Amino acid sequence: MRVASSCSVNWIYRSIMSSTYNGMPQLASQFGDSKDSSSSRQAMISQILSSKALHSWIYPQSTLPPAVISVLTSSATEGDFLRKRQLAWDDSFRSLYYMLRKNICNIFYVCTSQFVVMFTGSDGSGHTKHLCNAYISQSTRGLRSLLREHDVCFSMPLCHSKVEQVTTEDLVELSEIEKQNLGQTRRLSSLSDVDNSPQSLLAFCGNKNVNGLYDFLLNYRSSLTFLSGVDVPVMYSPVPFQNAALSSPEVGAVNL
């Protein structure tokens, strides 16, 4: 994110650094002096709230590069470390999802090397039931096929072309035909151009569909081949969750 301002924004950097080293600021400890004017109090409240908004909770705190994952996987002893890391990730994901359903957390992100999943929660107007939605930033035919196989319903609101209804078996057969250069198959450009583009965004609306996506990511994540040999996805949340650590953004100032 790039911020442009006519006045200095160094206070953002100072606020972040202060919160990082001294812990998240608490409102109660800031306003014990009754002599403070209402305007200065309001300014301090605004700064504190802004400081909180710039922080997030993250798990894992740092990711392991593929080379390290490969070494750990090849070692029987160190492989136990990866299994424990996977279990800790599962616990963290469950924690976030249950908090979402209970309206304790209204948004969180799951970031993989190929796409970002955003889970959101909101109270429908006039309804007492808590409604959840989720979005995958970009997708491929393979991912969409796997979701259909697991009966996870989704829509593609940004795609205006007809999306192919293919299964994993169909994709394997198509790949084999193309390898043999039989010239018997052609991909429609309008369909192939959708993959990994903004038009391939997937929307999961309603608790049932969101729960299906949650179950898929929790129990069938190994089906996603691009996740093999890499570390667990990174999760971000504005509120604390199990195993999470507080994270602050890196801020660099440029004088214009």
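**Ground rules.** I note that this is a predicted model, in which local features need pLDDT of at least 70 and side-chain atom pairs count only at pLDDT 80 or more, while totals for chains, interfaces and linings use all residues. Residues are numbered from 1 along each chain as its sequence is written, and side-chain values use heavy atoms, with hydrogens and water left out.

**Salt bridges.** I searched the whole structure and found 7 salt bridges, each being a side-chain nitrogen of Lys or Arg within 4 Å of a carboxyl oxygen of Asp or Glu. I looked at R144 again and saw that its side chain meets that of D195 in a salt bridge, 2.9 Å from N to O. This pair links distant parts of the chain, 51 residues apart, with R144 in helix α6 (residues 141-149) and D195 in the loop between α8 (189-192) and β5 (202-205); helices (H or I, at least four residues) and strands (E, at least two) are DSSP runs, numbered from the N terminus.

I then turned to helix α5 (residues 76-101), where D80 and R83 are 3 residues apart and thus separated by about one helical turn. D80 forms a salt bridge with R83, the closest N and O atoms being 3.7 Å apart, and I noted that D80, R83 and K84 are linked in a network of salt bridges. In α5 I also found R94 and D91, again 3 residues apart, whose side chains meet in a salt bridge of 3.1 Å, N to O. R94 is partly exposed at 29%, and D91 is partly exposed at 32%.

For strand β4 (residues 130-136) I recorded 5 of the 7 residues as buried, so β4 is largely enclosed by the rest of the structure. I counted 4 bridges joining β4 to β5, which run antiparallel, two strands being paired if DSSP finds at least two bridges between them; N133 stands opposite C205 in β5.

**V110.** I placed V110 in strand β2 (residues 107-111) and recorded it as buried, at 2% relative accessibility. Leaving aside neighbours within four places in sequence, I found V110 in contact (heavy atoms within 4.5 Å) with residues including W89, F93, F119 and M235. The C-alpha atoms of V110 and M235 are separated by 4.5 Å, although the two residues are 125 apart along the chain.

**Aromatic pairs.** My search of the whole structure gave 8 aromatic pairs, where rings of Phe, Tyr and Trp (its six-membered ring) pair if their centres lie within 6.5 Å, planes under 30 degrees apart counting as stacked, over 60 as edge-to-face and the rest as tilted. Y97 and Y98 form a tilted pair, 6.3 Å centre to centre with 50 degrees between the planes; Y97 is buried at 2%, whereas Y98 is partly exposed at 45%. F154 and F204 form a tilted pair too, at 6.0 Å and 55 degrees, and F204 in this pair is buried at 0%.

Note on methods:
Buried < 20%, exposed > 50% of the residue type's maximum accessible area, 1.4 Å probe, protein only.
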